[in-house]
Amino acid sequence: MLKPFHLLTVDVEDWPQSALDHSLPVGDRVIANTRSFLECLAEAGARATFFVLGKVAEAHPKLAREIAEAGHEIGTHGYSHNSVDSMPLNTFKHELHRSVEILRDQTGQPVFGHRAADFSISSRSFHLLESLGEEGLVYDSSIFPIRHPRYGVSEAWRHPHYIRCASGRMLMEFPMATVRFSKVILPGAGGGYFRLFPYWWTELTVRRLAREGAPATCYFHPYELDVTEMAEIPHRVPLLFRWSQTANRRSVRNKLRKLLASFRFVTMGEAYKALSKGHLDLALDLGTEPSVYRPEPRAKGCFSPAV
């Protein structure tokens, strides 16, 4: 049995470029916000996987190296933060290659993982996963197994699993953490859900997944620690959208410290090595079933239940 662990991931981006207007230039605020996140992790002695947006790495060439030198893993978050769901294959390949090359050059380290912007891999875009192997990547963390207007694959497995691409390449998928109540599956451990929901909901999600024998993939953004930005958001931003991006930011730092103190976290690269030793079933064969997940299996002892 493996010792229980969970996964802490950080999408390195700034929300105006990612959610408001993709054409906006990357500002300097992402540097201070990322450093704040690094400080929280250093206080707890925790390591994480940072999915760095190519545009951010290009604008701030020393940031990815700073993250790596602090002992964390670097993955790619794509280049432009445009949704990949309807992106032409050649465009996806170009942006993926560009982002991976930038990060490899800046850190001097290999890049093994990918997360699509806005979890935008869906049943319509599974074919894009083939390109990850072509770039030497071995795992993905883009699928959110919920029903949502902007993203999600509601029938996807909730536990880490393998995907066999049409070429025969095997890719490990790390879905976002969710909690199941009967036939209803709800999001639970990251981003706006972490800010807007009480801490006990995140803890419930992580513990439920642990009892199922699976690690929980938690995700965050550096800007969620930035409480000074709230008063500076332009008034042209719709009120509801502004609220969704800023509400409860003051609670994030303490919630994060509590989460780090309560559970053991490892990088996705470490999890990949641990779980690749025969603990996972094949989940999806893109060669024969390009858009269908089979019913979710029982966990096969990835590790003993954690509390």
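## Close-up views of a predicted model

**Figure 1. Salt bridges across the chain.** The count of salt bridges comes to 14 in this predicted model. Side chains of opposite charge can pair when their charged atoms come close.

Figure 2. Glu66 pairs with Arg35 in a salt bridge, and their closest N and O atoms are 2.9 Å apart. Glu66 belongs to helix H4 (residues 63-69) and Arg35 to helix H2, so this pair ties together parts that are 31 residues apart in sequence. Glu66 is partly exposed, at a relative accessible area of 26%. Arg35 is partly exposed too, at 40%. A second salt bridge joins Glu69 to Arg65, with the closest N and O atoms 3.7 Å apart. Glu69 and Arg65 are four residues apart in helix H4, so about one helical turn separates them. Glu69 is exposed, with a relative accessible area of 62%. Arg65 counts as partly exposed, at 36% relative accessibility.

Figure 3. Arg207 and Glu203 meet through their side chains, 2.8 Å from N to O. Both sit in helix H8 (residues 199-211), four residues apart, so about one helical turn lies between them. Arg207 is partly exposed, with a relative accessible area of 24%.

**Figure 4. Ser36 in helix H2.** Ser36 is placed in helix H2, which spans residues 29-44. Is Ser36 buried or exposed? Its relative accessible area is 19%, and the cut-off for buried is under 20%, so Ser36 counts as buried. Beyond its neighbours within four places in sequence, Ser36 is in contact with Leu225 and Arg253.

**Figure 5. The largest nonpolar core, seen around Val12.** This core has 59 residues. The residues with the most contacts inside it are Leu8, Val12, Phe50 and Leu259. Which residues does Val12 contact, leaving aside its neighbours within four places in sequence? The partners include Val30, Thr34 and Phe50. Also among them are Phe51, Val52, Leu53 and Val56. Leu63, Ile67 and Pro222 are in contact with Val12 as well. Another core, of twelve residues, lies apart from the largest one. Its members include Phe51, Tyr139, Met172 and Ala271.

**Figure 6. Helix H9 and its cover.** Helix H9 spans residues 239-246, and its buried residues are Arg242, Gln245 and Thr246. These three cover an arc of only 85° around the axis, which puts them on the same side of H9. Which helices are among the cover of these buried residues? The cover includes helix H1 (15-20), helix H7 (191-196) and helix H10 (249-262). Asn248 follows H9 and has a positive phi, near 65°.

**Figure 7. Ala156 in a loop.** Ala156 is found in the loop between strand E5 (139-140) and strand E6 (161-164). Ala156 is buried, with a relative accessible area of 4%. Where does Ile143 stand relative to Ala156? The two are 13 residues apart in sequence. In space they are 7.7 Å apart, C-alpha to C-alpha.

Figure 8. Phe181, Val184 and Leu186 make a nonpolar surface patch of about 220 Å². Phe181 is in strand E8 (residues 178-181). Phe181 is partly exposed, with a relative accessible area of 32%. A patch residue needs over 30% relative accessible area, so on this count Phe181 qualifies.

**Figure 9. The chain around the close-ups.** The chain holds eleven helices and twelve strands. Of its 307 residues, 55% are buried. Take the contacts between residues at least 6 apart in sequence: 78% of them join residues at least 24 apart. The accessible surface of the chain comes to about 13100 Å². Carbon and sulfur atoms account for 54% of that surface.

Note on methods:
Residues numbered from 1 in each chain as written. Predicted model: local features only at pLDDT ≥ 70, side-chain atom pairs only at ≥ 80, totals over all residues. Heavy atoms only, no water. Buried < 20%, exposed > 50% of the residue type's maximum accessible area, 1.4 Å probe, protein only. Helix = DSSP H or I, 4+ residues; strand = E, 2+ residues; numbered from the N terminus. Arc of directions from axis to C-beta. Contact = heavy atoms within 4.5 Å. Core = buried A, V, L, I, M, F, W, Y, C linked by side-chain atoms within 4.5 Å. Patch = residues over 30% accessible without salt bridge, like charges linked within 9 Å, V, L, I, M, F, W, Y side chains within 5 Å. Areas by Shrake-Rupley, 256 points an atom, 1.4 Å probe, with all protein chains shown as cover. Salt bridge = Lys/Arg side-chain N within 4 Å of Asp/Glu carboxyl O.
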